[in-house]
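Here is a short tour for you, with one residue to start from and a wider view to follow. Have a look at the model before reading on.

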Amino acid sequence: MKKLLTSLLLVSVGSVYAASIPTPVDIPASSMIPVKVLIGGDLTKTTTPDSPFPVVLLIQNNSLAGCKINASAYPDFASGRAMIKTNKIVCDNTEVAIHGYVAGSDDKAGIQGTKSLKTVSINKGTEATVVVLDKAVLK
């Protein structure tokens, strides 16, 4: 019974942000994709480019709306920004590697976070843009 409930929960939670897109979809290099932070967090001094913090971004306002991008973040304490690189785009249970980075609403690399002495926080709902560096194809 517990296994069945867990399966039902995973199906219902997973479908909340499921996106139905026509395939294949080409995402050319230099594309700019509007996103919102779906899952952010607090980046500390132990979070480094070699040991990044996982972040999930939700695509907004284009043919991929509703798809998610899995990314990795680390803090830049000098600027108070979270530097984020993309890993995968997920649509309709299809995963494809996507090479790019996230720019903030000020068009600079990284998202301006909430900075304290020990953390840079990435808040849910923060708007940003993913800049795609290499072509990706969703099949």
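L133 sits in the loop that links β12 (127-132) to β13 (136-138); helices (H or I, at least four residues) and strands (E, at least two) are DSSP runs, numbered from the N terminus. This is a predicted model, in which local features need pLDDT of at least 70, side-chain atom pairs count only at pLDDT 80 or more, and totals for chains, interfaces and linings use all residues. Residues are numbered from 1 along each chain as its sequence is written, and side-chain values use heavy atoms, with hydrogens and water left out.

L133 counts as partly exposed because its relative accessibility is 40%, where buried means under 20%, exposed over 50% and partly exposed in between (1.4 Å probe, protein chains only). Leaving aside residues up to four places away in sequence, L133 touches A29, H99, G100 and Y101; contact means heavy atoms within 4.5 Å. For H99, 34 residues away along the chain, the C-alpha separation from L133 is 5.6 Å.

Now to a sheet. Three strands form an open sheet in the order β3-β11-β10, with antiparallel pairing. Its edge strands, β3 (41-44) and β10 (114-115), each pair on one side only. Two strands pair if DSSP finds at least two bridges between them, and β10 is joined to β11 (residues 119-122) by two bridges. T114 stands opposite S121 in β11.

Finally, some totals for the protein:

| Property | Value |
|---|---|
| Helices and strands | one helix and 13 strands |
| Residues counted as buried | 37% of 139 residues |
| Contacts between residues at least 6 apart that join residues at least 24 apart | 62% |
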